Amino acid sequence: MDLDVFVSAHRAEWDRLDALLGRRRRLTGAEADELVTLYQRAATHLSVIQSAAPDPQLTGRLSQLVARARSAVTGTRRASWRDVTHFFTQGFPAAVYRARHWWVPTALISTAVAALLGWWIGTHPEVQASIAAPAELREMTRPGGQYETYYSSNPATSFAAQVWTNNAWAAALCLILGVFLGLPVLWILFQNMLNLGVGFGLMSSAGRLDTFLGLVLPHGLLELTAVFVAAGTGLRLGWTVVDPGPRTRRTALAEEGRAALAMAIGLALVLFVSGAIEGFVTPSGLPTWARLAIGVAAELAFLAYVYVLGGRAARAGATGDVEASERSAAVPTAA
């Protein structure tokens, strides 16, 4: 595309739009219609320039012009509690539901990897010896040892806050770093499964696997599900770089990236719940069956939230992306 010819052909329209936006008096009906038409054209022109012949100075000018025009056409919009309600009842569960074909296989494969690592460590004393000295292993796995006292090593409130911060950060990294073809996500996921496998293997070799599961499962079901959702979404974002489908790569990354960042907010709340369970329920004096019941109930509630509420919202068209009125205009792409 010849940029100079394009600018010469449309400069008058941009100047006219700028003039209409600068009017201090109220626009007439005809002028308001003209402003809307010119705004739509300018948005299309901006998309064409960005995709075919990006010029920083021209792109900056048109971006400002389109933003001013959008504000004039749609009016100033303020976030409200209705937006928060819409996000948690439609946007977030729909985004998780739409990503289920990524995070469910991720969960199954990761769990299998953790179990395999645990079996390998638990049945091979030489592997255990490479982790720590025999005396240290006995200290970790004995009744009242480090694996048990870990959950009550700090006051419940500060421990829950620390756990939530660490897990939320790990989930955010999975979502953000997925754009790098998903490779960092695989490493983060493996590190989590390795930690789980080590505990599984060492406690099973000491004949205390039931105690280990009783400590991990109450909070771990929901916590690991949130991590798997983040990892699966990050992997999907990485695949979008490879195969954007019928959308342009820029459009696909923008849409999936916005949904992933919004999902980070929702998952932070999910991890807050799992952190509270880990801080207050796991080290409590409740019997094992009661602690497990709380963990299973939290997990089933989240899955019902995703598959019932999220499935209904997704079928109604919700994607987890921002509303169409809040997105930048884009040139239609042929399928």
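This is a predicted model: local features need pLDDT of at least 70, side-chain atom pairs count only at pLDDT 80 or more; totals for chains, interfaces and linings use all residues.
Let's start with the helices. Two packed helices are described by the angle between their axes and the distance between the axes. Here is how the two pairs look:

| α11 (209–242) and α12 (249–281) | about 170° | 9 Å |

Take α11 and α12. Angles over 145 degrees count as roughly antiparallel, so at about 170° these two helices, α11 and α12, are roughly antiparallel to each other. As for who sits in that contact, the residues split into 17 nonpolar, five polar and five charged.

The other pair goes a different way. On the α4 side, the contact is made by F88, T89, Q90, F92, P93, A94, V96, Y97 and R98. From α13 come F302, Y305, V306, Y307, L309, G310, G311, A313, A314 and R315. Sorted by class, the contact of α4 with α13 has 13 nonpolar, four polar and two charged residues.

L181, L183, L186, W239 and V242 make a nonpolar patch of about 510 Å². Which elements give two or more residues to the nonpolar patch? Those are α10 (183–205) and α11, the latter being the helix that packs with α12. L181, also part of the patch, is found in the loop between α9 (156–177) and α10.

Terms used. Residues are numbered from 1 along each chain as its sequence is written. Side-chain values use heavy atoms; hydrogens and water are left out. Patches are made of residues with over 30% relative accessible area and no salt bridge: like charges are joined within 9 Å, nonpolar side chains (Val, Leu, Ile, Met, Phe, Trp, Tyr) within 5 Å. Accessible areas come from the Shrake-Rupley method with a 1.4 Å probe; for residues, only the protein chains shown count as cover. A salt bridge is a side-chain nitrogen of Lys or Arg within 4 Å of a carboxyl oxygen of Asp or Glu. Helices (H or I, at least four residues) and strands (E, at least two) are DSSP runs, numbered from the N terminus. Axes are lines fitted to C-alpha atoms, for helices over the stretch in contact, and angles run from 0 to 180 degrees between N-to-C directions. Angles under 35 degrees count as roughly parallel, over 145 as roughly antiparallel, 65 to 115 as roughly perpendicular and the rest as oblique. Ala, Val, Leu, Ile, Met, Phe, Trp, Tyr, Cys and Pro count as nonpolar, Asp, Glu, Lys and Arg as charged, and the others, Gly among them, as polar. Contact means heavy atoms within 4.5 Å.
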